[in-house]
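Keep the sequence and the 3D view side by side as you read.

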Amino acid sequence: RLCLGISRVFLLFPFLLWAQVLEVSLPTRLQKASVYITKVHVPDSAFDWRYFEELREVLASDWNSNGISTVAPLCESIEQSLNWPDVRRGFDLSAWKKEFVSYGFTLQVFQNRFQLTVFDIGKSSSKQYPDFVLTGNLDIDRQEIHQLSDRVQKDLFGKDGIASLKIAYAKRTKGEEGWNSEIWMCDADGANEKPLVKDKGYCVSPHFSPRTVARSSDLYYVSFEEGQSKIYSAASSQPIVSLRGSQILPEINQKGSQIAFISDVAGRPDLFIQNLDPQGHVLGKPRQLFSAPRATQASPTYSPDGKQIAFVSDKDGSPRIYVIDILNPKETKKNVPRLLTKKNRENTSPSWSPDGKRLAYSAKVDGIRQIWIYDFATEEEIPLTTGAENKENPSWAPDSLHLVYNTETDDRCDLFRVHIDWKEPILVLSGIDQKRFPCWSHRQEFSNRVH
């Protein structure tokens with residue numbers, strides 16, 4: 001089934017645009033820490049008590065889905081053991097140890113200022129975090145909760161969290177005049193949906209620029225505004241690459257110095273690269289990196305050091321994933337790609353993890369597309385998901401532990417995320433709108449500007 005049958009370029013990529021629901025099945029010996037989060041203690045506030053329950057639920061959701069911890073149910077004995085408002089005074093460890101809690105989070109509000117104190121039960125230590133003013137707007141206040149959650153995770157476990165990150169995706173809807181696709185964004189938990197790119201034609205394949213490079217824009221995407229597919233940045237009205245034909249599936253290296261994409265300028269979908277300056281403007285002309293007779297190339301993804309690209313090609317029959325070196329243009333030796341994935345009938349939509357250790361991709365198994373992981377250290381191809389629906393377009397979070405992807409049935413596409421060490425998929429977004437091509441933000445703060 002063609003997912004985006006509005007342009008001839010997509011006729012060239014029939015194996016790229018599939019996907020839906022899942023169950024993950026990587027065995028693990030890890031044990032999650034138990035976190036207890038108190039009710040919000042509010043002596044006086046202008047806000048409704050239900051608002052504070054919503055804030056607590058945001059924090060609990062972050063800690064139930066981070067792959068490190070689980071949130072313990074509310075316990076009356078713990079609640080009664082606390083001395084509000086000075087919760088650290090006379091703190092009773094026994095009540096917490098009795099419930100086998102590893103960490104305790106106490107929440108309270110003073111004059112509409114939200115305050116969190118964290119107790120490490122094993123170390124008998126505590127830390128009070130700087131409070132912040134509640135606005136009463138959940139979309140705004142939840143951002144503060146997400147950022148606070150990530151700060152606490154970093155302090156307790158030394159690992160960066162993903163709660164304050166964003167997910168961009170293409171939202172496809174059917175109106176009176178046919179199908180339309182825009183670029184939208186949501187929080188990591190699926191809340192706070194907002195449009196990023198509107199009314200600029202049929203848009204797909206969003207991709208954030210790296211946080212290590214200062215850009216005039218944070219987002220690249222593909223639009224059919226001019227009929228053929230072209231690559232744009234969110235801050236520009238002109239295509240980035242000046243080539244004839246169609247360009248699609250852009251991917252930027254971690255330095256922000258180069259963008260890879262697929263173009264049919266030579267008559268077939270081939271792999272190209274384009275150098276960029278520190279402002280994201282093109283340097284020189286685009287260069288064809290790989291082509292093969294009667295073959296289709298697709299879905300480039302950079303290695304973290306920017307020296308290699310993994311991509312899809314059907315040059316040897318069914319679509320498989322290959323890796324190719326990015327040689328100096330003056331290099332005379334033949335640049336031959338290396339076959340990476342050897343199992344399954346079809347392997348598509350690769351995504352290289354930021355730490356360089358793994359490659360996520362979609363593989364057809366018994367007629368269903370599932371998410372698989374290639375481990376570079378062991379050279380193993382490991383199944384990650386199961387279930388009846390197709391799964392496609394995996395994208396790594398900056399922590400190299402979480403993936404987001406879209407699923408697909410005949411009439412809908414939803415977004416899921418999963419921690420690779422645990423088997424529970426987490427629904428991010430669902431509904432009648434089709435959501436595809438998800439990608440994580442590289443940095444935690446950027447403009448919500450609508451274009």
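Which side chain makes a polar contact with the side chain of Glu251? The side chain of His207 does, at 3.5 Å. Keep in mind that this is a predicted model.

- Glu251 lies in strand E14, which covers residues 247-252.
- Its relative accessibility is 15%. Buried means under 20%, so Glu251 counts as buried.
- Besides His207, Glu251 touches Gln258, Ile259, Ala260, Pro300, Thr301 and Tyr302, leaving aside residues up to four places away in sequence.

**An open sheet of three strands**
- Three strands form an open sheet, in the order E11-E12-E13. Their pairing is antiparallel.
- From one strand to the next, the twist averages 30°.
- Strand E12 spans residues 219-226 and pairs with E13 over five bridges, in the antiparallel sense.
- Tyr220 has Ser233 in E13 as its bridge partner.
- As background, strands of a sheet pair through backbone hydrogen bonds, either parallel or antiparallel.

**Strand E23 and its two partners**
- Is strand E23 largely enclosed or left open? Six of the eight residues of E23 (residues 358-365) are buried, so the strand is largely enclosed by the rest of the structure.
- E23 pairs with strand E22 (residues 347-352) in the antiparallel sense, over four bridges. Here Asn347 stands opposite Ala363 of E23.
- E23 also pairs with strand E24 (residues 368-375), again in the antiparallel sense, over eight bridges. Tyr361 has Trp372 in E24 as its bridge partner.

**The two hairpins**
- The hairpin of E22 and E23 has five residues between the strands. In this hairpin, Gly356 takes a positive phi near 80°.
- The hairpin of E23 and E24 has two residues between the strands. In this one, Asp366 takes a positive phi near 55°.

**A buried loop residue**
- Where is Thr296 found? Thr296 sits in the loop between strand E17 (282-290) and strand E18 (297-302).
- Thr296 counts as buried because its relative accessibility is 12%.
- Thr296 and Ile262 are 34 residues apart in sequence. In space they are 9.4 Å apart, C-alpha to C-alpha.

Conventions
Residues numbered from 1 in each chain as written. Predicted model: local features only at pLDDT ≥ 70, side-chain atom pairs only at ≥ 80, totals over all residues. Heavy atoms only, no water. Pairing = 2+ DSSP bridges. Axes fitted to C-alpha atoms, helices over the stretch in contact; angles between N-to-C directions. Buried < 20%, exposed > 50% of the residue type's maximum accessible area, 1.4 Å probe, protein only. Polar contact = N/O pair within 3.5 Å; in protein donor to acceptor, adjacent residues only side chain to side chain. Contact = heavy atoms within 4.5 Å.
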